[in-house]
Amino acid sequence: MATLDLVPYFEERYAEIEAYLSFLQNVENAAREGTPRFRGTDASITTEQKKILNSSLYLQLYNLVEATVLRCLEGVVAAIEEAERRPSELSIGLRTEWVRSIARTHSDLGPDKRLQAALDLCEQLLLQMPVKGFKIEPGGGGNWDDSAIEKMCERVGCGLTLSPSVIQAAKRHIRDDMGALKLVKDRRNGLAHGSLSFVECSDGVTVAELKGLTTAVGDYLREAVGCFVIFISAEIAKKEGAVA
């Protein structure tokens, strides 16, 4: 079933970030006793290098956010195909995504390709063929934060019901008037586009702050994944109920 791997997928990747945080904590602890050095050599870990290591966490966290959202959207499509849903059986939100994908309404096409896309849509509607081979278009990359996730859930019809404490932690301003997911997106984009150096990115940032940031992002995504699991299960159940 399409829902089975969503939670393990998220937890496996979140565990990787926790392992990296443990490494950062060890480096910070060693720095309290003086400049950390690699055993058996005279090589040290400089302050600049520690900042670079800390900044890498923002990249890992953003990768977790984007990968989790895309995996959930793939799970929705897989569930629809698994249940052999027909266009008329889709909710308005999912039907809109299906039309957008099959008719390629948001693609820059020439007249011949646009006509072919329209014919493909007409054929599937006339024959009431089970939905196959479509994709929920996630939009431009590099822009996933809590607001974008909430808009996507609304777009596809997935109810995003999160705990008040999780919402509060995700939206509480941490730095530069930004909540956890927005800060991760901002730092990642700054690093990716070169407007922010790795040393600048984590200047003045402690491992304790990074741990709090990771917890806020992780808790938000974990509950969002749970909402997608419920949504996907409900989509499959609709079809099974109709068959029964």
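This is a predicted model: local features need pLDDT of at least 70, side-chain atom pairs count only at pLDDT 80 or more; totals for chains, interfaces and linings use all residues.
View 1. Of the 56 residues in the largest nonpolar core, Ile136 and Ile149 are the ones touching the most other members. Such a core is a set of buried Ala, Val, Leu, Ile, Met, Phe, Trp, Tyr and Cys residues joined through side-chain atoms within 4.5 Å, with buried meaning under 20% relative accessible area (1.4 Å probe, protein chains only). Residues are numbered from 1 along each chain as its sequence is written, and side-chain values use heavy atoms, leaving out hydrogens and water.

**View 2. A look around Ile136.** Setting aside neighbours within four places in sequence, Ile136 is in contact (heavy atoms within 4.5 Å) with Leu73, Val76, Val77, Leu94, Glu97, Met152, Arg155 and Val156.

**View 3. H1 alongside H2.** These helices (DSSP runs of H or I, at least four residues, numbered from the N terminus) pack at about 175°, with axes 10 Å apart. That makes H1 roughly antiparallel to H2, a label for angles over 145 degrees. Among the residues meeting here are Phe10 and Leu24 from H1 and Leu57 and Leu64 from H2.

**View 4. H2 against H7.** Helix H2 (residues 47-82) and helix H7 (residues 180-193) pack at an angle of about 115°, their axes 9 Å apart. So H2 is roughly perpendicular to H7, the term for 65 to 115 degrees. Contact residues include Tyr58 and Tyr62 of H2, plus Val184 and Arg188 of H7.

Notes
Axes are lines fitted to C-alpha atoms, for helices over the stretch in contact, and angles run from 0 to 180 degrees between N-to-C directions. Helices (H or I, at least four residues) and strands (E, at least two) are DSSP runs, numbered from the N terminus. Angles under 35 degrees count as roughly parallel, over 145 as roughly antiparallel, 65 to 115 as roughly perpendicular and the rest as oblique. Buried means under 20% relative accessible area, exposed over 50%, partly exposed in between (1.4 Å probe, protein chains only).
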